[in-house]
Amino acid sequence: MKPSSEDGTGPDLLLLLAPTGRGTLRRQLRESIRDAIRGGRLPSGSRLPSSRALAADLGVSRGVVVDAYAQLSAEGFLSGRKGSGTVVAETGGYLPKHASDVLATVERHRTSEIDLRPGPPDLRTFPRTAWAKVTRDVLRSIADADLGYASPWGVEILREQLSAYLARVRGVMSEPADLVIVTGATQGMTLLVRTLYAAGVGDIAVEAPSNPVQRQVLTRYGVRIWDVPVDREGLDVDVLADTPARAVIVTPGHQYPCGMVMSPARRSALTRWADRVDGWVIEDDYDTVFRYDKMQVGAVQALSPARVALVGSVSKSLAPGLRLGWVVCPPNLVSDLRMAKRDDDFGSAVLEQHALARLIDTGEYDRHVRRLRKHYRKRRDTLVTALEREVPDAVAEGYAAGLHLLLRLPAEVIEEQYVAAAETQGVAVLGTAAMYGTLPPRPGIVIGYGRTSPTMLEEAARRLAAAAAAMGQEQRARSVRDGQAIARRRPSTAVDYF
Ligand SMILES: Cc1ncc(COP(=O)(O)O)c(C=O)c1O
């Protein structure tokens, strides 16, 4: 007998499509299946009814079901197996109850169907099998004593592995003793800021624009913040030199959010500045494992290990939820940094540290990252091509690297309105206005493409074009109301606002 998916029977499935519900039938069906997967009603491996059977059950045309299945397959929720129909993908149904609740809450608060805000990577790529294996190996092999209070600055084996790994992939110059294992780049930066502040460094510069979290950390510790602009080559070191700052937080490997890589000239100017002012550079190396076009550029730390503290984590390469990161610390700061970590939490979780050490040691981490580069590269290429096609005046800035790009908007666009227009189209993006500190912001949006399938990225580009067109109409209407002549001068196309 043929599998039931082909013969029109198939498993029963409760899916509610309200005739008066919001959105098209296709959209309702998609959401209904997605909710059933996220909510755990349809665990991984569950077989779905054939498109014919489900269409008959729901009283809709078969094309509606075929489209919904295709869309959810593109998003990674479903997979089709030849001869055995459509099933919930391995990774599709894994979200535990509480995670799906969080997602549901986020989705309720933001009506957006496509969330392009930057942040977490594609969590479906977490190497569950490899992580389970190294964890099992660790549990089998570590001594009872290793489960006690380990060294608060990190277990030795991980510091050894990371020191060698970072030398290999980032050119970082360190001894294992220079490393402090932290819960992520955020804790690394926080501890460094605290340590420097205690050592009398009360003025710290940041890039403008930059990750707003940094400003929060600096503000909390009473540090005076100096905003230094970035240009094509990265942080403007001449402007930095005009400030009283004796430390600076930079993202030279892939500027956040603009995406450029700091030029060689600026790198050496930066380390010369640090020598001149007897200062420090905090190098936020948050996503540099993902470079898609050329060979990696090494870390600035390699130019001046005595002046540069490099912070990094596995938040982009594995999962932010692991809360595992590192600081490669200048030798004369390391004992203070160790004490700061000890005072904070007495060290990070031991089992995860051993597991990561083993993942690196077995080569599995490298293999995983290599696979991810392909995965994300495809997403980035798809998005860039779709943006060029759909919104031809848009300028996607930044190197082919990391998990985000900056879409530069024309100066006349009011960023906040554009973000709202995109949200109306069901696309959540992040504006950059809050990232400039005291400097005048330039309109732009950050698009995180890591969590969205290529199909949905294409759809997102279409919707961003629609958002721009809608803004165009709104602006023209306002212009007419105000008695201005803008509407007559400008054609009513989406490109007006890009
Ligand atoms: C620029 C930048 N730095 C640092 C971080 C912090 O990452 P974590 O604390 O998870 O390592 C992020 C997170 O997205 C980031 O975007």
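How many bridges join E12 to strand E13, and which way do the two run? Three bridges, and they run antiparallel. Strand E13 covers residues 404-408, and Val395 stands opposite Arg408 in E13. When I say strand or helix, I mean DSSP runs numbered from the N terminus: H or I with at least four residues for helices, E with at least two for strands. And two strands pair if DSSP finds at least two bridges between them.

Okay, some housekeeping before I go on. This is a predicted model, so local features need pLDDT of at least 70 and side-chain atom pairs count only at pLDDT 80 or more, while totals for chains, interfaces and linings use all residues. Residues are numbered from 1 along each chain as its sequence is written.

Now zoom out. The chain has 17 helices and 16 strands. Of its 498 residues, 46% count as buried. Buried here means 20 or more other C-beta atoms within 10 Å of the residue's own; exposed means 12 or fewer, partly exposed is in between, and the C-beta atoms are placed from the backbone. As for contacts with a separation of 6 or more, 74% of them come from residues 24 or more positions apart. A contact means C-beta atoms, placed from the backbone, within 7 Å.

Next, the other sheet. This one is open too, with eight strands in the order E4-E11-E10-E9-E8-E5-E6-E7 and mixed pairing. Strand E4 (179-182) and strand E7 (234-235) are the edges, each with pairing on one side only.

Let's stay with E8 for a minute, residues 247-250. On one side, strand E5 (residues 203-208) joins E8 through three bridges, running parallel, and there Ala205 stands opposite Val248. On the other partner, strand E9 (residues 280-284), E8 pairs in the parallel sense over four bridges. Val248 has Val281 as its bridge partner in E9, and Val250 has Glu283. Which way do the E8 residues point? Ala247 and Ile249 go one way, Val248 and Val250 the other, and all are buried.

The largest one has 114 residues, and Ile204, Ala309 and Val327 have the most contacts inside it. Helix H16, residues 454-481, gives the most to this core, with nine residues. The core also draws at least three residues from each of domain 2 (142-362) and domain 3 (367-497), with bounds from an automatic or database domain assignment. Take Ala309: leaving out residues up to four places away in sequence, it touches a list that includes Leu192, Trp280, Ile282, Val327 and Leu333. Apart from that core lies another of 18 residues, among them Ile33, Leu48, Ala53 and Phe77.

On to the ligand. There are 13 residues around it, and Gly184, Ala185, Thr186, Ser313 and Ser315 come nearest. Near means a C-beta atom, placed from the backbone, within 6 Å. By class, the shell has four nonpolar, eight polar and one charged residues. For those classes, Ala, Val, Leu, Ile, Met, Phe, Trp, Tyr, Cys and Pro are nonpolar, Asp, Glu, Lys and Arg are charged, and the others, Gly among them, are polar.

Most residues other than glycine have a negative phi, and most peptide bonds are trans. Where do we find cis ones here? Ala208 to Pro209 is cis, with omega near 5°, and Pro209 is in the loop between E5 and helix H9 (212-220). Tyr256 and Pro257 are also joined by a cis bond, omega about 10°, with Pro257 in the loop between E8 and helix H11 (264-276).

For positive phi, Arg323 comes in near 50°, in the loop between strand E10 (308-313) and strand E11 (325-328). Arg323 is partly exposed, with 17 other C-beta atoms within 10 Å. Phe346 has phi near 65° and is exposed, with 11 other C-beta atoms within 10 Å.

Conventions
Contact = placed C-beta atoms within 7 Å. Core = buried A, V, L, I, M, F, W, Y, C linked by C-beta atoms within 7 Å.
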